[in-house]
Amino acid sequence: MDTKVLRKISDGLYLLTAKDGNKLNGCVINTLERVTTTPNKVTISVIKENFTHDMIMKTGEFNVSIFSEAADFETLKNFGFQSGKDTDKFKDFPYETSENGLPYITKGTNGFISAKVFEKIDLGTHTLFIADVTDGETLSSEPSATYDYYQKNIKEAPDKKAKGWVCKICGYVYEGDPLPEDFICPLCKHGASDFEKH
Ligand code: FE
């Protein structure tokens, strides 16, 4: 099987946010799909290791801000490459609050939706959340950023001098060889299949 064919599937790029008590948090996902229209339902798939995952499991609510082509790498690093378990990702990042009380961001995004979990499915490494869309706003007319656009235009080029296995998602370098098959990137939590040898 040519596993590269799976990269031909178009993905978007999103900030998934949640709120539990006073704790606000968010993570970057590329797995939002609209799956029904009347009523509007979406699915998101979230890695269980993400703190945002646990917050949604508990509260049953989330917002998704949709990244546009105006998104910058700093924003993606702030939300994608550190854990909400030990950092407050919203400490220095401006956000708005939607009617459900959850945060969403307007910098580098073209809209957001609010959703309430309808069903959860355990996928092993991830949980698939099926959710009803309860609210949403358009924020700009910029085109949405596809995951492919992110890879080519938003992400900083990895350090050319880096020797070892480089994460194609975030640029993290694993200096050993071989790369363990079950390796998970400590920054972006993607697996060994997203690494390439430099
Ligand atoms: Fe990574």
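**Questions on a predicted model**

Colleague: Where is L6 found?
Modeller: Strands are DSSP runs (E, at least two residues), as helices are (H or I, at least four), numbered from the N terminus. L6 is found in the segment before strand 1 (14-20).

Colleague: What kind of model is this?
Modeller: Residues are numbered from 1 along each chain as its sequence is written, and side-chain values use heavy atoms, leaving out hydrogens and water. Local features need pLDDT of at least 70, side-chain atom pairs count only at pLDDT 80 or more, and totals for chains, interfaces and linings use all residues; the model is predicted.

Colleague: What is the site of the iron ion like?
Modeller: Donors are N, O and S atoms within 2.8 Å of the metal (3.2 Å for Na, K and Ca); water is not among the atoms, so sites may look incomplete. Here the protein donors are the SG atoms of C167, C170, C185 and C188, 2.2 to 2.4 Å from the iron ion. Four donors count as tetrahedral if all angles lie between 85 and 135 degrees. The angles are 101 to 116°, and the site is tetrahedral.

Colleague: Is C188 buried or exposed?
Modeller: Buried means under 20% relative accessible area, exposed over 50%, partly exposed in between (1.4 Å probe, protein chains only). C188 has 9% relative accessibility, so C188 is buried.

Colleague: Which residue meets D122 in a salt bridge?
Modeller: A salt bridge is a side-chain nitrogen of Lys or Arg within 4 Å of a carboxyl oxygen of Asp or Glu. D122 lies in strand 8 (residues 109-122), and its partner is 74 residues apart in sequence. At 2.8 Å, N to O, the partner is K48.

Definitions and conventions: Four donors count as tetrahedral if all angles lie between 85 and 135 degrees; four count as square planar and six as octahedral if opposite donors are over 155 degrees apart and all others between 65 and 115; anything else is irregular.
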